[in-house]
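Please look at the sequence and the structure shown below, and keep both in view while reading the report that follows.

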Amino acid sequence: HLSNRLQTVADFVQPGARLADIGSDHAYLPVHLAKQGTIRAAIAGEVVKGPYHNALTEIENEQLTAVITARLADGLAAIQPEDKIDTVTIAGMGGTLITKILEDGKAHLTHKERLILQPNVGEDNVRRWLQDNRYQIVAERILAEDGHIYEIIVADPVDKPVAYTAVELKFGPFLLKEKSPVLQQKWRREQTRLDQVIATMQQAKNAPKQKIAAFQQERDQIQEVIL
Ligand code: SAM
């Protein structure tokens, strides 16, 4: 049984996929998809030995060694050409780390893979990387679980680069259109955080006025766009 977060990632893996799950930890995602018969094959990539052994153990316990291979490797270096990977999932990390993994490991991609990304924070970095690397966002989801709010971004390769606006990069092109209660909750939280930052700076007397104004602008943008 997967968390709602990982289940939402799993929902975008197409039947018959050859999956690379990067930063797989216990390999719960590929194990679940293999048990369901959704995927043909998978790599569970891990850069840290502890999680790599978690993945090995889980795959062996579930008797899925014929379908899933755990590999100790940094990011997309876990992918080898003969794996014929067509889907890459990277979930449960910051957007900056996801972007770094994609950028550093570009050479291991053929630009044919579907990318299913679940950044915990810093989603705008991920969207900008996708735009700059000829990926089109085809779906987005937002959900709340255990007090956290998670975003899932699904992107497919395209020949012509897509241009997103700054607002779309920040809030998500699909999430913006949908404006769900969870999206509003997420940005209301961010607004509250900004209000606290602004209040603290205003009390600090010598805080630079320009900085305060920039935070106020960010706060107002959230008000205009989302709330
Ligand atoms: N993907 C799982 C999930 O969403 O539940 C596990 C997320 S866990 C919080 C993040 C995992 O990413 C850790 O096990 C960590 O070792 C791994 N990781 C971090 N940087 C990595 C990299 N460059 N290459 C492969 N794995 C990495």
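Which helices and strands each supply at least two residues of the lining of the largest pocket?

## The model and the largest pocket

This is a predicted model, in which local features need pLDDT of at least 70 and side-chain atom pairs count only at pLDDT 80 or more, while totals for chains, interfaces and linings use all residues. Residues are numbered from 1 along each chain as its sequence is written, and side-chain values use heavy atoms, with hydrogens and water left out.

The elements asked for are α1 (4-10), β1 (17-22), α2 (28-35), β2 (39-46), β4 (87-93) and α4 (95-104), where helices (H or I, at least four residues) and strands (E, at least two) are DSSP runs numbered from the N terminus. α4 provides the largest share of this lining, with four residues. In total 27 residues line the largest pocket, and Ile22, Gly23, Ser24, Glu46 and Met93 lie nearest its centre. A pocket here is an open set of points on a 1 Å grid over the protein atoms alone, where a 1.4 Å probe fits and protein lies on both sides within 12 Å along at least five of seven lines; lining residues have an atom within 4 Å of a point. The space in the largest pocket is about 490 Å³, a volume being the space filled by probe spheres set on the points.

## The second largest pocket

The second largest pocket holds about 420 Å³ of space and is lined by 18 residues, with Asn120, Val121, Gly122, Glu123 and Lys186 nearest its centre. At least two lining residues come from each of α5 (123-132), β7 (148-157), α6 (166-171) and α8 (181-203), and α8 gives the most, with five residues.

## The sheet and its helices

Seven strands form an open sheet of mixed pairing, in the order β3-β2-β1-β4-β5-β7-β6, where two strands pair if DSSP finds at least two bridges between them. Because β3 (68-72) and β6 (135-145) stand at the edges with a single partner strand each, one side of each has no neighbour in the sheet. From one strand to the next the twist averages 15 degrees.

β1 and β4 pair in the parallel sense over four bridges, and Ala20 stands opposite Val88 in β4. α2 packs on the sheet, touching β1, β2, β3 and β4, and its direction makes about 170 degrees with that of β2; contact means heavy atoms within 4.5 Å. α4 lies across β1, β4 and β5 (114-119), running at about 150 degrees to β4. Axes are lines fitted to C-alpha atoms, for helices over the stretch in contact, and angles run from 0 to 180 degrees between N-to-C directions.
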